[in-house]
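Visitor: Please pick one spot in this model and show it to me up close. Then tell me how the rest of the chain is put together around such places.

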Amino acid sequence: MKDSVVFSLKTYSLSNLINDLDTGNIALPDLQRPFVWDSSKVRDLMDSLYKGLPVGSIVLWEILEPVKYKKINLGGKHQPKFLVIDGQQRLTSLFSIIKNKEIINKNFKKLKLKISFNPIEEKFEVWNAAIEKDLEWISDISEIFDKDSIFSFINGYLHKLKPKFKNGNINYEEIATNIERLKNILSYPFSVLELSSNLDPEEVSEIFVRINSKGKSLNQSDFIMTLMSVYWKKGRDDIEEFCRISRKIPENDKPTSFNIINMHPNPEHLVRTIVGYSFLRGRLKYAYLILKGRDFENKTISEELREKNFEIFKEGHKKTLDLTNWHDFIKIVHGAGFISTRLISSKIAFFVSYTLYLLGKYNFNLSYKELEKIVRKWFAFSLLTQRYTGSPESVIEKDLSLFKDNKNFVQKLEDIIEGGLTEDFWNITLPQKLVSSYTQNHAYLVYLAALIHDDMYVLFSNIKLKDYLNPFLKQKKKIIDLHHIFPRNYLKKKGINEVKEINQVANLIYIEYKDNISIGDKAPKEYWPLLMNNLDVINEKKALKMYDLPENFWQLEYRDFLRERRFLMSKRIEDYFYKL
């Protein structure tokens, strides 16, 4: 740093900040991540401003020469004079609300924030359909800031209230004061730290990381993206473009990252894969230090080492974003029955498996068939055992460290798989994992993938399950339903009222909607023969086996049925796994 103090402290009113954002006088540096706040945080911010509570200072960097930047106001026309180093989420939220304009969120989609206000109770909420219909609520507070005359807005609001409060037991003057008070947050004084224009981008990135590493604001992948903004801008742009395009259906035949399972990576996912492949590291904090040029033995920072490590990172970046690699890996996942991201319970497992795919292809020179088989098994194994749930980075670090000697890639993975999928796992652990009423349960999703891999049809239908669960299928009318094998109301008549017990995944099966309607609340012993009578192609014993239903299941007590069906579902998953 060039001076002992590299900032000056100033006070800006909120209206001044918003106007500068609107004109483009204040923008974002490339090192900033996208807008990531959920609406509840925006609601709480508005509540704090309304109550006059402190909401933290803003850090701006004054720039005298043109630099790369991002606009908060998509229509801003000025070259910025300041870039936001800290306070992006707050300023972006307030800009969207006060100027009633769209912003870009972390999924690269345009978003208009909507916060509602009840001036009678002085309460803020995230907009919803019920609030929209309630006369007491101002459904979108952007209207307040959008009006030149606050008095005409207040009069209009009070006029709408009168039919609801005919008895007059309401203080209209107090309500008007509360609305004015909300409008007056425009004069809220923000403490702003202006960083000196003498600082260069590298120094600013260091300040950015120091500020944001104190709380939970950013994660380690954000810090790596910050380094890329300074040392390799194109690399960061390519990652963000890859993520953005993956969400967009191609307009022509040109290959893009858009894919058949509708996987939408975020920059963190790709950074994790790049780091894993390049440095065999699972803990991104180590990767950040490596890219900073840290010598772990001497505990020094070396410019030469930083440049060397960035070249290694660039090679991993190239392989990770290579569209042939990306789509070949996705075909492996798709071929295992995971035809949609809805069936994938862990994105971390997906991208660790992608890392292993790249290692097997480039570092171990495996044939495609050999690579396909082991990666497919590893992916299903990691989902089934929840390998990367809990403290994933330590497990990833341990897994990747196995490959430092460039030997026995397949055998090392097979050994881990064999150690995890014991006879006890299949017969005891897995059935227990299926004790769930959550249809996004990891074991149940693998079960669905197994059905898809086996090319199963929906029960008593000519529709294949893989066609119904296709991520791009859009239905105007519901044709398939998740049927309760022992219907809800039937169980309630038997005294089983606990929703979690009724909705056990072992009690669910996909069936055509019209069949589900015809079954209604009938007992299994009533509806099953009716369904079987409509079928000439398949005998009963075969039907039960195909759909993992216990023999004579309609005669079983409900809890006995669940136990037996969980075992049959586990057996299907086991058979499926060893066919991969």
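**A buried asparagine, and beyond**

Guide: Start with asparagine 178, which counts as buried because its relative accessibility is 6%, under the 20% cut-off. Keep in mind that this is a predicted model. Asparagine 178 sits in helix α7, which runs over residues 172–183. What does asparagine 178 touch, once residues up to four places away in sequence are not counted? The list is Tyr50, Phe117, Pro119 and Glu122. Look at the numbers: these partners come from other parts of the sequence, yet they touch asparagine 178.

Now step back to the chain. It has 580 residues, and 51% of them count as buried. The chain holds 27 helices and 14 strands. Its C-alpha trace spans about 80 × 80 × 45 Å along the principal axes. Now take the contacts with a separation of 6 or more. Residues 24 or more positions apart account for 72% of them.

Go inside next. The largest nonpolar core has 120 residues. Which members touch the most other members? They are Ile224, Phe313, Phe338, Phe350, Phe409, Trp528 and Phe553. Helix α20 gives the largest share of this core, 10 residues. A second, separate core has 49 residues, including Phe35, Leu158, Leu161 and Phe190.

Zoom in on phenylalanine 553. Leave aside its neighbours within four places in sequence. Phenylalanine 553 is then in contact with Ile485, Phe486, Pro524, Tyr527, Trp528, Leu544 and Phe561. One of these contacts, Trp528, is also on the list of core members that touch the most others.

A search of the whole structure finds five cavities of 30 Å³ or more. The largest cavity has a volume of about 130 Å³. It is lined by 16 residues, and the closest to its centre are Leu451, Leu465, Ile509, Tyr510 and Tyr547. By class, 14 of the lining residues are nonpolar, two are charged and none is polar. Helix α20 (442–453) and strand β14 (508–512) each supply at least two residues of the lining. The largest share, four residues, comes from α20.

Most residues other than glycine have a negative phi. Phenylalanine 460 has a phi near 55°, a positive value. It lies in the loop between α20 and α21, the latter covering 465–468. Is phenylalanine 460 buried or exposed? Phenylalanine 460 counts as buried, because its relative accessibility is 14%.

Leucine 280 also has a positive phi, near 55°. Its loop lies between α11 (267–279) and α12 (284–292). Leucine 280 has 13% relative accessibility and therefore counts as buried.

Conventions. Residues numbered from 1 in each chain as written. Predicted model: local features only at pLDDT ≥ 70, side-chain atom pairs only at ≥ 80, totals over all residues. Heavy atoms only, no water. 1 Å grid on protein atoms, 1.4 Å probe; cavity = no way out; pocket = protein on both sides within 12 Å on 5 of 7 lines; lining within 4 Å. Points joined across faces, edges and corners; volume = space filled by probe spheres on them. Nonpolar A, V, L, I, M, F, W, Y, C, P; charged D, E, K, R; others polar. Buried < 20%, exposed > 50% of the residue type's maximum accessible area, 1.4 Å probe, protein only. Contact = heavy atoms within 4.5 Å. Core = buried A, V, L, I, M, F, W, Y, C linked by side-chain atoms within 4.5 Å.
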